[in-house]
Amino acid sequence: MELGLKNKVVLVPASSKGIGFGVAKVLASEGCKVVISSRNQDAISKAQDVIVKETGNENVQAIRADLTVKREVDRLVDEATSEFGAIDILAYNTGPPKPGTFKELSYEDWEQAVRLLLMSAVWLTKRVITGMVGKKSGRLIYITSSALRQPVPNLVLSNTVRLSLAGLSKSLAIEYGSSGITSNGIMLGHILTERQRQVAQDISSRTGKNVEQAMKELVLDVPQGRYGQPEEVGCLVAFLASDKAGYVNGSMLAIDGGLIRSVF
Ligand SMILES: NC(=O)c1ccc[n+]([C@@H]2O[C@H](COP(=O)([O-])OP(=O)(O)OC[C@H]3O[C@@H](n4cnc5c(N)ncnc54)[C@H](OP(=O)(O)O)[C@@H]3O)[C@@H](O)[C@H]2O)c1
C-alpha cells in the first residue's frame, strides 16, 4: 500500500534508540523528512547516521533537547521548522519515567514525571498545531503505554500520569477534527528495547531473579509469546500518519500482542 508520506515533515522526539528510533527509521524509509531528538548529542547524531545509512534518506535532522525543559522543547521545534518547514506529523514519544511504588517515589519524582509524560506533549502540541491548522492537515500520534488500561506493578508514575495523555489526545481529536487534523494514541505492550531490560533489572533487584529469567517472564502473559519490535510500532505510526487513516480519529490503539485482557 502506498502511504503517500514522501516529503512529509515528521518530528519524533526521544529517538536516539528504542521505540522512537524504530519509528523514525520506518518513517525515513517512507520518504519523510524526519527530525529526531534526545538529551545526548553524540547518541542522537549516531542515530541520525544509522538512519541515513540504512534508509538512504538524507533528510534526517538530529537535535539535542531535554523534553522536561520547556525552552529546550521550544528550541527543538524552532530548529526543526527552520530546517524542514512546518511539522506535518508529530509522532510523540518520551523517555521512560522512573520506576517505583507509591511509597518509594518523592514529590520531585512526581513533578519530573508530569513534565516528562504530560507537559512535554502539551508544549510540543501547542507549537506544532498552529501550522497544522494553517494547512488544514496534520497528524498527532501519541505513543504511550498499555498501563492506560492495565496498570503495571512498580510503575506508579506511568500508571497515573499517562492517563492524562489519553485525555489530551481525545480532546484534541474533538477540538481539531474539523481542521483536517487527527489525534490518536498508541498503547505499547512489551517492545524489545533497553527500557524492557531496565524493567527486568528492577524486578531482579526486588525478587533476586536473574535478569534473563525476568525478561522471559515479562512476556509470559503475551498471547503471542514474544516481545514486539520498535519497527512494528513504526509501521502502525506510518499508517496513522498517512491519508489512508484519515477517518481514524480519537482512537487509542494497542500494539501489545494481545497483552491487554479487557474487551474494550
Ligand atoms: N519498551 C516498551 O516495551 C515500552 C512499553 C510501554 C511504554 N514504553 C514507553 O515508551 C517510551 C519509549 O520507551 P523505549 O523502550 O524506547 O525507551 P528507551 O529504549 O530507554 O529509549 C528512550 C529514548 O528517550 C530518550 N530520552 C529519555 N529521556 C529523555 C528526555 N527527558 N528528553 C528527551 N529524550 C529523552 C533517550 O535518549 P537520551 O537518554 O539520550 O535522552 C532514548 O532515545 C517510554 O516512555 C517508555 O516508558 C515502553
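**Briefing on a predicted protein model with a ligand**

K136 is located in the loop that runs between α4 (107-135) and β5 (138-145); helices (H or I, at least four residues) and strands (E, at least two) are DSSP runs, numbered from the N terminus. The structure is a predicted model, in which local features need pLDDT of at least 70 and side-chain atom pairs count only at pLDDT 80 or more, while totals for chains, interfaces and linings use all residues. Residue numbers start from 1 along each chain as its sequence is written.

**Overall build**
- The protein contains eight helices and seven strands.
- Its radius of gyration (taken over C-alpha atoms) is 18 Å, close to the 18 Å that the globule rule gives for 264 residues, so the protein is as compact as a globular protein of that length. The globule rule is 2.2 Å times the number of residues to the power 0.38.
- Along the principal axes, the C-alpha atoms fill a box of roughly 55 × 40 × 40 Å.
- Of the 264 residues, 44% count as buried, which requires 20 or more other C-beta atoms within 10 Å of the residue's own; exposed residues have 12 or fewer, partly exposed ones lie in between, and C-beta atoms are placed from the backbone.

**Ligand surroundings**
- The ligand is surrounded by 27 residues, the closest being A14, G18, R39, G95 and R195; a residue is near if its C-beta atom, placed from the backbone, lies within 6 Å.
- At least two residues of this shell come from each of α1 (18-29) and α6 (194-207).
- The shell comprises eight nonpolar, 14 polar and five charged residues. Ala, Val, Leu, Ile, Met, Phe, Trp, Tyr, Cys and Pro count as nonpolar, Asp, Glu, Lys and Arg as charged, and the others, Gly among them, as polar.

**Packing of α1 and α2**
- Helix α2 (residues 41-55) packs with α1 at an angle of about 35°, and their axes are 9 Å apart. Axes are lines fitted to C-alpha atoms over the stretch in contact, and angles run from 0 to 180 degrees between N-to-C directions.
- F21, A24, K25, A28 and S29 of α1 meet A47, I51, E54 and T55 of α2, where contact means C-beta atoms, placed from the backbone, within 7 Å.
- Five nonpolar, two polar and two charged residues make up this contact.

**Positive phi values**
- Most residues other than glycine have a negative phi.
- K136, although not a glycine, has a positive phi of about 55°; K136 is exposed, with 10 other C-beta atoms within 10 Å.
- N154, in the loop between β5 and α5 (156-176), is not a glycine either and has a positive phi of about 65°. N154 counts as partly exposed, with 17 C-beta neighbours inside 10 Å.

Note on methods:
Contact = placed C-beta atoms within 7 Å.
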